[in-house]
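Work through these exercises with the model open. Each task is followed by a solution in steps.

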Amino acid sequence: MKSVLFFITVILMSDLSACAQTAVTKINAPQTYNIGDDVSGLPLNKIIRYPARQTTIGALHGKLIILDFWATWCSPCVAAFTKFEEIQKKWPEQVLILPVTSESTAVVEHFFERKKSFSLPSLVEDSTLVIHFPHTVIPHEVIIDAAGKVVAITGSEEITLESIERLLVHQPIALETKKDIMNFRMDMPMLIDSNNGMDHTILFRSMVMPHVEGVASLSSPFTIMNGQVVGFNMVNSLIPHLYLFALNRPQEWMFSRLVMENIQDPNSIRSENQEDYVSASGPWGKKNAYSYDLIAPGLNDAERKTMMLQTLNAFFGQARNLSGSLALRTADAYELRLTGKKIPAPTSDTKVVYTDEEGNETSQQMTMPELCVYIENNIHEPVVDLTRSTATIDITISKTLLRAIKKSDPSALKTLLAEYGLYLVRARRQVEVLLFKKK
């Protein structure tokens, strides 16, 4: 197991025999396949955008097959499609890249209707291949050679023109094997029982760890031991995200309110290459993402986050020679103000956010501060709420309007906001920021 980067306060129970273990028995579990296994008889059902609706691995005429486990909502998966399209077009007779998802035919077909540049097929409504090739993090790639043997189980970053060419001509190649932690639970503290670690009952700790292999970038606002909320954790999170959580500020500030002063390696905090943010399992993410876990029963949430901030500053002060805090800085920003028109009352009584099949985003019972965060997240500039209003609204932002906003054009919101008695004003003003400075 990877060494743990500790800045940690830990108290262990002396009676380790008190640790409970639960035996798990698998009954009639479907077969799982690993590298070296023959899967030529494996059926492939419900394929869309392909001549055959169903087939088998062995019937694919001796092609090199890549099963790409994906989902329409997974941005790293979608980002990899461009590369996969290039590979598929270069070797149409020798390679078949087959995306595999559990999502419905309607959802996937709608996705491809919107993504006209993609021509790959997809296996849909899968419930068996995911069991044969278990994983927790997508994209997840299974490479099967022309003889029907599994030759690699890896991540999408290992699928390149060079690696595929070497496989096709049978040249030796070492692809990194992807290792997923199948029984990881976000509602439990890390390094406890099945969560990647020690069978100790820990009473108190505040701990920083490096990137955890085999787990996605996740966070849990609370973890439970013995039926009691004892803390929280964040797994494979970037340094700004850790600090923003500890400071109780929106994660969206990563791109709109982050200031660095005299930092030796600013690229370790925020990369200039946007592709580095596509996947936490990429080289930059593995190097610059950390995990944090707190077990502190008896403390309230504010006290726990104060302890987290103290631990982060102590650790990163030693490891990166930096400290993080909230500060005021003068910056270009937008102010959300009232026009004087009455704000229409919401028609819904449930707080929910959803995106319809056309790509339109609807938020019900949205508060003014939440609206500011939403706009800020899309234009990557500070948006300050000056309405002083406690009203909530039901608002739908069309796909077309959303595109305009994401091009840093908040003026496109003018007509829509006016319907709610709101408007945006450009201002040079002091705003609260996340400040990193040399310790």
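**Exercise 1. Positive phi**

In which loop is the place of Arg388?

Solution. The coordinates are a predicted model.
- Step 1. Arg388 sits in the loop between E18 and strand E19 (392-397).
- Step 2. Its phi is near 55°, a positive value in a residue other than glycine.
- Step 3. Arg388 is exposed, with a relative accessible area of 83%. The cut-off for exposed is over 50%.
- Step 4. Turn to Asn262, in the loop between E13 and helix H7 (283-288). Asn262 is not a glycine, yet has a positive phi of about 60°.
- Step 5. Asn262 is exposed too: its relative accessible area is 67%.

**Exercise 2. The cis bond**

Which peptide bond is cis, from Ile138 to Pro139, and where is Pro139 placed?

Solution. 
- Step 1. Locate Pro139 in the loop between helix H3 (129-132) and E8.

**Exercise 3. An open sheet**

Give the strand order of the open sheet of 4 strands. Then place a helix on the sheet.

Solution. 
- Step 1. The order is E13-E20-E15-E18, with mixed pairing.
- Step 2. Strand E13 (258-261) and strand E18 (383-385) are the edges, each pairing on one side only.
- Step 3. From one strand to the next, the twist averages 35°.
- Step 4. Strand E15 (residues 322-338) pairs with strand E20 (residues 422-438) in the antiparallel sense, over 17 bridges.
- Step 5. Helix H9 (residues 368-379) lies across E15, E18 and E20. H9 runs at about 175° to E18.

**Exercise 4. Helix H1**

What span should the 16 residues of helix H1 have, and how far apart are its end C-alpha atoms?

Solution. 
- Step 1. At 1.5 Å a residue, H1 (residues 75-90) should span 22 Å.
- Step 2. The end C-alpha atoms are 24 Å apart, which agrees.
- Step 3. Look for a bend. H1 has a kink of about 30°, centred on Thr82.
- Step 4. List the buried residues of H1. Among them are Pro76, Cys77, Val78, Phe81, Phe84 and Glu85.
- Step 5. Their cover includes strand E5 (64-69), strand E6 (95-100), helix H2 (105-114), strand E8 (140-144) and helix H4 (161-168).

**Exercise 5. Helix H8 and the cores**

Which residues touch the most other members of the largest nonpolar core?

Solution. 
- Step 1. The core has 29 residues; Leu242, Tyr243, Tyr292, Met308, Leu312, Phe316 and Phe436 touch the most other members.
- Step 2. Elements supplying at least two residues each include strand E12 (228-238), strand E14 (289-295) and helix H8 (301-319). Helix H5 gives the most, with 6 residues.
- Step 3. A second, separate core of 28 residues includes Phe84, Val95, Phe112 and Leu168.
- Step 4. Back to H8: its 19 residues should span 27 Å, and its end C-alpha atoms are 26 Å apart, which agrees.
- Step 5. Buried residues of H8 include Arg304, Lys305, Met308, Leu312 and Phe316. Strand E10 (202-210), E12, H5, E14 and E15 are among what covers the buried residues of H8.
- Step 6. Leave aside the neighbours of Met308 within four places in sequence. Met308 is then in contact with Phe232, Met234, Leu242, Phe245, Ala246 and Tyr292.

Note on methods:
Residues numbered from 1 in each chain as written. Predicted model: local features only at pLDDT ≥ 70, side-chain atom pairs only at ≥ 80, totals over all residues. Heavy atoms only, no water. Pairing = 2+ DSSP bridges. Axes fitted to C-alpha atoms, helices over the stretch in contact; angles between N-to-C directions. Contact = heavy atoms within 4.5 Å. Expected span 1.5 Å × (residues − 1). Bend = angle between axes of the 7 residues up to and from the residue. Buried < 20%, exposed > 50% of the residue type's maximum accessible area, 1.4 Å probe, protein only. Core = buried A, V, L, I, M, F, W, Y, C linked by side-chain atoms within 4.5 Å.
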